Amino acid sequence: GLVDHSLVLLQKLLSTTAKMREVVVDATTGHPKLITDAQWPRMPAAHLLVQVFTAVIDPLETQFRGVFLNTEDTIRPGTYFSGIVKQIGAECIRNDINEGDKVVGVLGVFDKCGALAEYVAVPEFSVVHKPKDISDDQAVAVLPGALHAYLSFHDRIRIVNGNHVLVLSGGSMRGHILLQVAAHLGAKVSATAHSVQEALYLKTMADSCALLDFSEGEATSGTGFDMIFEAWAPRPTENDVPSNTDIINCLGIGGVWATGGPVANVIQSDHQNILAARGAGVMFSSPLIMISSGVRRGHLLHMISDALALTEQGILCANISNELSLEEAVHHLRGEKPPPQLGTRTTAVQLSHLTEEYISKPF
């Protein structure tokens, strides 16, 4: 009793006196800033305190959090992270996690912490052990695309060998991992590119990926796609190619388009006839919603472990376009070019669209 009481007092003392750096976003203005004297996160009894080594920057995910937390004054961005366990809550029941273990984990929408911080308090069933043979950067960088793929390919739509799959924005942060997972499952993969750099990267995949150019009027060989996946990159505007109509016209018999945007905004009245004639459909797919569901937390851990195992085997490989410090992460979230030599500690990985300085790594 005395020891437990002392531990609680120590945790309270640390949470009120220890300071750390974290990135926060004003929910009203959308303006990000770096706080250098933030308090350590409050540590619930069934949580782990993790010192963060690497996290993924994703402005779109930050916006998504804002939709759910619109009553909050502050959004704490960052979902995917790797780090080391510094403290274990008094009511944690897992016996495979110890202080000093290196872990990879996720933070849901309703968790009080964001991964763009030096320390996070995370539910004990939101982390897995990091394999020794892969870096912190690789371990966390594959997760956005891999969990999107597992949610879509395993939970919602079953890919079978020989299916024809199209990934929109295939060179994006999630897109290139979606392509790798689909190819691993035996699918014939095609992709679109939003930039010359993305197109150049996709061409390094040689015969494993076909580049589809809607501006040239290209489509499939007549059979259509069994599945079309939106890589949760920025949605095209009304005048961009491909349009929603272009995408729906590419669906084959019984095909499904998994979109990250509201289905009601995707399907128009003239689309319904096309979908009905082909027995095709459109569905909403968001990994962040699944991550935030406590009911499926065990299933989520299996997905993360499997993705890390495939990474360790060299089947999945994230292409990291840039490594940023927390100071530079703020500039990235603002849409500015990060100034050089700000900060010395890399705690965020930029994995959005490819840049000219990007060094491509084929599968």
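The following exercises with worked solutions concern a predicted model of a single chain.

**Exercise 1.** Describe the chain as a whole: its secondary structure, burial, contacts and surface.

*Solution.* Begin with the secondary structure: the chain has twelve helices and 16 strands. Next, consider burial, where a residue counts as buried under 20% relative accessible area. By this criterion, 53% of the 363 residues are buried. Then turn to contacts between residues at least 6 apart in sequence; 73% of these join residues at least 24 apart. Finally, the accessible surface of the chain is about 16,300 Å², and carbon and sulfur atoms account for 52% of this area.

**Exercise 2.** Characterise the largest pocket by its volume and its lining.

*Solution.* The space in the largest pocket is about 490 Å³. Its lining consists of 23 residues. Those nearest the centre of the pocket are Arg76, Asp111, Lys112, Cys113 and Gly114. To place the lining within the fold, note that at least two residues come from each of strand S1 (19–26), strand S2 (32–39), strand S4 (74–75) and strand S7 (119–123). Sorted by residue class, the lining holds twelve nonpolar, four polar and seven charged residues.

**Exercise 3.** Explain why helix H5 is described as largely enclosed by the rest of the structure.

*Solution.* Helix H5 spans residues 175–184. Identify its buried residues: Gly175, His176, Ile177, Leu178, Leu179, Gln180, Val181 and Ala182. Because eight of the ten residues of H5 are buried, the helix is largely enclosed by the rest of the structure. To complete the description, examine the backbone just after H5, where Gly186 adopts a positive phi of about 100 degrees.

Methods: Residues numbered from 1 in each chain as written. Predicted model: local features only at pLDDT ≥ 70, side-chain atom pairs only at ≥ 80, totals over all residues. Heavy atoms only, no water. 1 Å grid on protein atoms, 1.4 Å probe; cavity = no way out; pocket = protein on both sides within 12 Å on 5 of 7 lines; lining within 4 Å. Points joined across faces, edges and corners; volume = space filled by probe spheres on them. Helix = DSSP H or I, 4+ residues; strand = E, 2+ residues; numbered from the N terminus. Nonpolar A, V, L, I, M, F, W, Y, C, P; charged D, E, K, R; others polar. Buried < 20%, exposed > 50% of the residue type's maximum accessible area, 1.4 Å probe, protein only. Contact = heavy atoms within 4.5 Å. Areas by Shrake-Rupley, 256 points an atom, 1.4 Å probe, with all protein chains shown as cover.
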